[in-house]
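Hello,

Here is the structure I said I would pass on.

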Amino acid sequence: MKKLVRRMILAICLSTLFPLISVATVFGAQRPNIIFIVTDDHGYNDLEATDLRDEVSMPNVHRLSTGGALMTQAYCTAPQCVPSRAGIVTGRYQQRFRVEANKEGPLPTTQKSIASRLKGLGYTTGHVGKWHLDINRGTKGWMAKNGYKSEADIPPSVVNSFKPQGFGYDEFAEGTATRVWSNFDVTGKSFPAREVNYRTYEGNSHKEKYRIQLQTDLALAFINRHMVEPDPFFLYLGYYGPHVPLDAPTSLTDQVLSLSKLQQKGYDHSSVMIKKSANYGKDYTEAEVRQQGLALLKGIDNGVGDIYRLLEEKGKLENTLIFFMSDNGAPLSVRSWDGSVNDPWHGAKGIIFEGGSRIPYIVHWKSVIPSQVFDKGVNTLDAGATAVAVAGGDPDSDPMLDGVNLLPHLTGKDKGVPHRYLYQRYMNTASIIEGKLKYMRHENGEELLFDVTMEKPAAYNPDKDFHEAVNLIEEMPEKAAELRKELKSFTKTLPVPHYSGGFHSSLYEFAERQWGLRENSHRSKAGE
């Protein structure tokens with residue numbers, strides 16, 4: 001009864017605030033459940049729809065892409081976990097609140113999350129899996145600034161305020177492995193927030209569950225708990241994969257390409273590529289690393305299949321909006337490669353070339369969003385704006401939302417581009433994208449202009465698709481000047497207009513060392 005009264009009051013308020021939105025649309029069948037599925041360090045190549053290597057087996061995720069919108073020019077807002085996830089969680093460029101790198105967490109409690117907005121619109125909100133926006137060993141700067149010498153000195157109430165419960169999530173099962181901070185379990189039972197160790201929980205009955213399976217089971221428990229309630233739900237599912245550690249069980253590696261088949265495809269299996277360490281359970285060959293990455297993605301795909309079938313069986317699939325996206329591209333160094341690949345793009349996690357910042361991204365809403373390949377530029381912030389819009393809110397009137405409601409574009413009501421410009425800034429490098437042109441600038445004055453056109457998703461024409469191998473700065477000086485000016489206008493709005501420090505001292509040297517700029521490219525210094 002209380003929920004019904006709350007919904008009636010909310011309906012009256014919304015009808016007053018947003019007279020153009022009918023109460024029937026807001027609270028009827030068209031007001032959907034919303035699920036964000038966020039993968040971790042997942043390269044652009046590794047969907048069946050974009051697989052240039054014919055190596056990926058993800059039929060359940062493929063069903064989302066063929067039954068919805070495959071977004072082929074989608075970007076994260078930073079090529080690293082913490083800043084990218086800060087953007088996804090808030091729907092805002094995270095540079096606006098000084099989260100530019102992993103070390104610059106936690107997520108400030110002054111920021112309003114998408115979950116908080118949806119909760120205010122009557123949604124039950126849940127988080128499962130990776131959060132990475134809390135106080136941790138990487139947030140030493142925050143601890144020093146706030147007078148704490150170690151994590152042990154911080155009061156539990158302060159620690160908890162930076163966890164999902166402090167950002168509008170009613171229910172949560174937060175963790176990347178078997179130790180999970182939660183207020184419900186895999187059976188759907190509720191309890192006061194505490195840590196659950198699934199290696200020993202319920203008489204060791206879950207100790208054999210791999211981390212991806214455990215996250216799926218917790219997501220299913222949340223969905224089952226709220227499937228029959230009158231209020232819709234929002235679930236943020238942060239899969240911890242294909243991110244290292246690489247420790248996929250044989251039950252998953254047996255479902256993907258064998259080592260012999262990977263050898264036939266050119267992966268070396270004769271010598272050790274990566275030595276045993278905390279993130280690698282043994283010495284791995286190149287073929288074994290790729291197999292592990294494919295296996296982790298297979299585990300995610302199995303989980304997506306379980307969620308899809310549950311929604312279908314319960315008659316909720318047509319009333320559920322699903323976003324599937326990665327936080328950034330795959331890392332490729334021998335210290336951190338997770339077995340995923342970014343083809344056909346250059347670069348990797350940690351730098352804003354396309355390989356690090358162009359991501360797998362799918363939007364699925366059965367019977368609402370038609371099957372399509374959407375090749376206009378979007379980013380991860382658009383998921384939050386779209387979620388707020390379909391929940392009955394008005395993202396356009398929210399000054400703290402930087403995304404765009406994609407629904408009019410995906411249903412064909414709006415034929416224009418969602419964004420005139422898309423921005424990225426990762427420490428001392430920044431970029432702006434307009435259409436198929438990407439302008440990049442380093443704080444040292446280097447600048448690059450690339451055509452990032454691709455003919456179709458799972459194809460690559462090296463004679464036409466030059467990507468980040470040809471610098472067009474001198475060939476297109478007027479466009480370069482326009483984009484330079486627009487990027488400068490954006491960075492001037494940030495609390496740190498010029499960021500000093502970063503992983504790379506030169507964009508030119510990185511590109512030439514990794515893949516080589518074409519002979520007709522030109523080295524240029526940005527105009528003052």
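**The sheet and the helix across it**

In this predicted model, four strands form an open sheet in the order E15-E16-E17-E18, and their pairing is antiparallel. Strand E15 (422-426) and strand E18 (447-451) are the edge strands, each pairing on one side only. From one strand to the next, the twist averages 15°.

Strands of a sheet pair through backbone hydrogen bonds, either parallel or antiparallel. Here, strand E17 (residues 437-442) pairs with E18 in the antiparallel sense over five bridges. If you want a place to look, Met440 has Leu448 in E18 as its bridge partner.

Helix H16 (residues 477-492) lies across E15, strand E16 (429-434), E17 and E18. The helix H16 runs at about 120° to E16.

**The enclosed helix**

The other element to look at is helix H4 (residues 81-90). Of its 10 residues, 10 are buried, so H4 is largely enclosed by the rest of the structure. Buried here means under 20% relative accessible area. The buried residues include Arg85 as well as Cys81, Val82, Pro83 and Ile88.

What covers them? For the buried residues of H4, the cover includes strand E1 (33-40), helix H5 (114-120), strand E8 (233-242), strand E11 (320-326) and helix H14 (381-390). Just after H4, Gly91 takes a positive phi of about 75°.

Regards

Definitions and conventions
Residues numbered from 1 in each chain as written. Predicted model: local features only at pLDDT ≥ 70, side-chain atom pairs only at ≥ 80, totals over all residues. Heavy atoms only, no water. Pairing = 2+ DSSP bridges. Helix = DSSP H or I, 4+ residues; strand = E, 2+ residues; numbered from the N terminus. Axes fitted to C-alpha atoms, helices over the stretch in contact; angles between N-to-C directions. Contact = heavy atoms within 4.5 Å. Buried < 20%, exposed > 50% of the residue type's maximum accessible area, 1.4 Å probe, protein only.
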